[in-house]
Amino acid sequence: GMLQKFLSSKGEHHSVVRATWSPQVCLLERRVNRHRVRDKQVQMHERCVTFEGSEQFSSSAPISGTALATHIQALCANIVEHVAHVSSQCISRMICHFQVDESGRVWFLFCSCLRMTRSAATNQPRTPVNPDPAFHVVAPDVILAERAPTA
């Protein structure tokens, strides 16, 4: 099992976007729960389940516009690039689940399928890659320099 903090979706119904990524294509599908998240007359599982539950609890919904699709495709590409840089493996296929919160931010929830292949270039130096360019990564030596006592 896995323990994860619950994120409130944008809107009254819980929804999740599933991205099926391969080097040739990235397919996106959104599932929206049929029950309102705050409807206390319905059990919590039935209010929150999407892809992982029975189809009777959720329905497929279109992804309108191109901004969300483009953003999720870029996040998938960043995950693939990061794994290639930190390991001797390449991702050949993955299924990732994302959620859009109340503020419109996209969250990576989990990866339900991951197929790996050996990288042809296993002797490349491993350099850190930022999986989300909007997130600023501080190098460890900068953090240590900031914490060093001054005389």
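Student: Is C111 buried, partly exposed or exposed in this predicted model?
Tutor: Partly exposed, because its relative accessibility is 32%.

Student: And what about C90?
Tutor: C90 is partly exposed too, because it comes out at 26% relative accessibility.

Student: Switching to strands. Which way do β4 and β5 run, and over how many bridges?
Tutor: Antiparallel, over 11 bridges. β4 covers residues 89–100 and β5 covers residues 106–118. Q89 stands opposite R118 in β5.

Student: What sits between those strands in the hairpin?
Tutor: Five residues. In that hairpin G104 takes a positive phi near 90°.

Student: Which strand does β1 join?
Tutor: β1, residues 13–21, is joined to β4 by five bridges, and the two run antiparallel. Across that pairing, R18 stands opposite H97 in β4.

Student: Now the helix. How does the length of α2 compare with what it should span?
Tutor: It agrees, because 20 residues at 1.5 Å a residue should span 28 Å, and the end C-alpha atoms are 29 Å apart. α2 runs over residues 67–86.

Student: Which residues of α2 are buried?
Tutor: L68, A69, I72, L75, C76, N78, V80 and V83.

Student: What do the buried residues of α2 pack against?
Tutor: Strands β1, β2, β4 and β5. β2 is 26–36.

Definitions and conventions. Residues are numbered from 1 along each chain as its sequence is written. This is a predicted model: local features need pLDDT of at least 70, side-chain atom pairs count only at pLDDT 80 or more; totals for chains, interfaces and linings use all residues. Side-chain values use heavy atoms; hydrogens and water are left out. Buried means under 20% relative accessible area, exposed over 50%, partly exposed in between (1.4 Å probe, protein chains only). Two strands pair if DSSP finds at least two bridges between them. Helices (H or I, at least four residues) and strands (E, at least two) are DSSP runs, numbered from the N terminus. The expected span of a helix is 1.5 Å times one less than its number of residues. Contact means heavy atoms within 4.5 Å.
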